[in-house]
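Hello,

Here is the structure I said I would pass on. Please open it first, then read my notes below.

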Amino acid sequence: MHTPPSALLATRGLDKQFAAPVLRGVDFTLNRGEIHALMGSNGAGKSTLCNIIAGIHQPSGGSLLLEGGRYQPASIRDAEAAGVRMVMQELNLFPNLSIAENLCFRQLGNRAGIINRHTLRARAREALARLQLDDLDPDLPVAALGVGKQQLVEIARVLAQPVKLLILDEPTAALTDPQIDQLFLQLDALRQSGVGVIYISHRMSEIQRVADRVSVLRDGVLVATETARDLDIDRLVHLMAGPAMVHVPATGATPRPSGAKSRPPPGAVALRLEAFGRRGAFSDINLELHRGEVLGIGGLIGAGRTELLRALFGADSADSGWLRLPADGFSHRHRFRSPRQAIAAGIGLVVEDRKGQGLLLDKSIAMNISLGKLPQLHNGLGVVDDTAITRNCEQLCDTLEVKRDSLAQAVNQLSGGNQQKVLIARWLLQDLDIVLFDEPGRGVDARAKLRIQQLIRELAARGKAVVVVSSETEELLALSDRVIVLSNGRLAGEFDANTVTEEDLLAASFRYYSQGQQGRRPAVETSP
Amino acid sequence: MSRTILPAIRLPWNSLGLVAVLLILVLFFSSQSEYFFSGVTFRTLANQIPTLTVIAVGTTFVLLIAGIDLSVGSVMALCAAVMGVLMTDADWPLFAAIAASLLTGLACGAASGFVSARWAIPSFVVTLGMLEMARGGAYLVTDSQTRYLGAAVGRIGEPLAGLGVSPALLAALAVVALAQFVLVRTVFGRYMIAIGSNEEAARLSGLHTVRWKALVFALAGLLAALGGVFQLGYLQTADPNAGIGLELSAIAAVVIGGTSLSGGRGSVINSFLGVLIIAVMQTGLAQLGISEPGKRIITGAVIVAAVLFDQYREPLARRLSRWRPDAGAEQ
């Protein structure tokens, strides 16, 4: 492939494989003085590509060229030495140190390790001025700033070092409009000085404003690179979704009641959400769950899906709206303040972060499964009925095909798929009416995933109301009867899973990230 | 059966290790001092251990839920002071005074536990505050005077006719047995392990974590009060300066017994063995004529050695248990 003389960075046939291939033969070119946007749906490979360029991951195949020379960064340090820097979505700041100390962290003191506050402050002012942040007091601790300002300080920190290539991953998610203007002015200045910028964003309006070219990734393949000016959202969604196809129930392995089109009429309402919201996460969600139905929730990562499930379950409480339940004839307004209350009302949640928030990793399978059910598994005086626990757990583990030595085996010795099954078994044992699944297929091998999908369908067939959040469109469509899409914290569409196309879902996912229909900005910004 | 469900509870060989250490200590001191293996030594031990034993039981539970309780020494002094003052100044009968003392301990523990759990303040800080408050309370109720109670409480610590052991020792052993049962066989025990192992997972499973954590601290306070009753029976005086540093002895005994400071793992029986090891060492070293400073230096070194051993025993045991085909192969 010919590399133009203005090319700053070029990748050639870049491959990356984790468990499955995530990048396939990517030829990507970034010019000097160019802002190049990278777009794609969840898991398309944007982050992986950037992580390879920034030295965090190493490619499985293919090569990279920087300014025409071979570029093989083995670490972030290597990449930085070559002038390649990335601003991550997660902030990399020390909250209790001052802005100045954060900005100059690599060279805080002189050779003896003594810090000179005057020079430190002067260097910090210089770095801040570059982003028109002159009004910030460099002595202020970073923790005193709002998230938006912190994000700008992070960018200033990166730009305080010499940069040839800058990668920005969703830099505007926490910024207010004037802050975005400031950032774009700076990006313009970088462009003038010949720096190349890779810009990941979901926000079409921003990309049209700031980017020169747009590259679209789909399933690890770079499908198109086009001039940003000529691109509209329809064309973009079309590129991200791929060739139009009506969804065929995936692999035929998930037993749907009867073929594609004839879905049984939904059962009675199991839960109703009214104007449900949580500040900074999602707002104004109106929704009904039905018995015997799997409701899928799609949307981009960060759209508020996990937050919605957690609020439903009382793990974090909602702060506006309420939910209504059939138990009291929908007459009362509920808002759960703890998972305990939600469970008492018949709602369970299989969490996304199963190691951090789901399992007791060093404890036995039996202990993990029985944990929530113990109040019913004792003799009345609080003495645990281990016989009943063993019987129940053996039965569940057999049903779910949990591969195990014995029930006494610690769950950290199990594979990801078996761990997920154990976590699901905890909720099956409780036999609740409504079960919420957050990314049930994440970190799970293909066979376990299939079994889990079957199980989710079986739950619905037994009359439960099931909700599934998934970032994999295929899984979402295979599992669901009905799909809703969250976009920037708002309900952006509701579809029949049998007739919806991937393109419909993507268009809805991006809906409230576009200008003019500005969704609720995360209200984490505290200072104006 | 319970062992198949809960591998977290020490396998017997872990207890056996501690028993072995204990036997080696007894043999060593017996060979070095002709007075060690005698009725006098064992009577002294039997008198000394009940207090530390019950306090170590409470500390085991607190460490199990990944907390710490620094206040038990002061709370014990306060509860003993309450009991002493009620019996001398107010002429309360023994059992009423014991009840008042136990309630005081329960209230202190419940207060620390509730504040710490409800507002998510580290228990280290809250119980440090309680340590000061309870000590102040002990001075306040006694007017900073030591109360002499005499024979009125003596029978708690005196050997029962025919049995040769005191009610205090019997009660302490009963507490150990009951607490071990609670830990291994009851819902409350499982909840403590779950909270100590992963508190957020426990909360998301529907546990009322605040309530259970507060209950654990309340129990630790109650057991501190019981320790105070035993000490009153042994010394027959209520001293507002009693129990200074006792919380650290209790933590040492529990840690020697292999309970993890990061929570989720522990055993009451092993804590009791830890108490015995410390007590035997103290008595034996004294009989060898080793000075108080020397005793403390040796005891300190033994605590660190025990924890070191425990740290490296775990990965070793896991490697041994995994050394089987298939087990954990998918990891």
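**Salt bridges in chain A**

A:Asp362 and A:Lys363 form a salt bridge, with 3.1 Å between the closest N and O atoms. Please keep in mind that this is a predicted model. A:Asp362 is partly exposed, at 37% relative accessibility. A:Lys363 is buried, with a relative accessible area of 2%.

A:Glu401 forms a salt bridge with A:Arg451. Here the closest N and O atoms are 3.5 Å apart. The pair links distant parts of the chain, 50 residues apart. A:Glu401 sits in the loop between helix 13 (386-400) and helix 14 (416-430) of chain A. A:Arg451 belongs to helix 15 (residues 446-461) of chain A. A:Arg451 is buried, with a relative accessible area of 8%.

A:Asp431 and A:Arg462 also meet through their side chains in a salt bridge (3.7 Å, N to O). A:Asp431 lies in the loop between helix 14 and strand 16 of chain A, and A:Arg462 in the loop between helix 15 and strand 17 (465-469) of chain A, so the pair ties together parts that are 31 residues apart in sequence. A:Asp431 is partly exposed, with a relative accessible area of 45%. A:Arg462 counts as exposed because its relative accessibility is 56%, and exposed means over 50%.

Salt bridges that share partners join A:Arg305, A:Glu352, A:Glu439 and A:Arg442. Over all chains, the count comes to 35 salt bridges.

**Where chain B meets chain A**

The contact takes 43 residues from chain A and 34 residues from chain B. The area buried between the two chains is about 3,100 Å². Carbon and sulfur atoms give 55% of that area.

How many salt bridges are there between chain B and chain A? The count is three. One joins the side chains of A:Asp386 and B:Arg185 (3.0 Å, N to O).

On the side of chain B that touches chain A, the elements giving two or more residues are helix 1 (2-5), helix 8 (167-185), helix 9 (187-197) and helix 10 (199-204) of chain B. Helix 9 of chain B gives the most, with six residues. By class, this side of chain B has 15 nonpolar, eleven polar and eight charged residues.

**Two strands in chain A**

Look at strand 15 (residues 347-350) of chain A. A:Ile347 and A:Leu349 point one way from it, and A:Gly348 and A:Val350 point the other way. All of them are buried. Strand 15 pairs with strand 16 (residues 434-438) of chain A in the parallel sense, over four bridges. A:Val350 has A:Phe437 of strand 16 as its bridge partner.

**Two serines**

A:Ser320 is in strand 14 (residues 320-324) of chain A. A:Ser320 is partly exposed, with a relative accessible area of 30%. Beyond its neighbours within four places in sequence, A:Ser320 is in contact with A:Ala275, A:Phe276, A:Gly277, A:Arg278 and A:Arg335.

B:Ser33 lies in the loop between helix 2 (12-32) and helix 3 (39-64) of chain B. Is B:Ser33 buried or exposed? B:Ser33 counts as buried, at 7% relative accessibility. Not counting residues up to four places away in sequence, B:Ser33 touches B:Gln287 and B:Leu288.

Best wishes

Definitions and conventions: Residues are numbered from 1 along each chain as its sequence is written. Chains are lettered from A and ligands numbered from 1 in the order in which they are written. This is a predicted model: local features need pLDDT of at least 70, side-chain atom pairs count only at pLDDT 80 or more; totals for chains, interfaces and linings use all residues. Side-chain values use heavy atoms; hydrogens and water are left out. Buried means under 20% relative accessible area, exposed over 50%, partly exposed in between (1.4 Å probe, protein chains only). Two strands pair if DSSP finds at least two bridges between them. Contact means heavy atoms within 4.5 Å. Buried area is the accessible area (1.4 Å probe) that two parts lose on being put together, summed over both. A salt bridge is a side-chain nitrogen of Lys or Arg within 4 Å of a carboxyl oxygen of Asp or Glu. Ala, Val, Leu, Ile, Met, Phe, Trp, Tyr, Cys and Pro count as nonpolar, Asp, Glu, Lys and Arg as charged, and the others, Gly among them, as polar.
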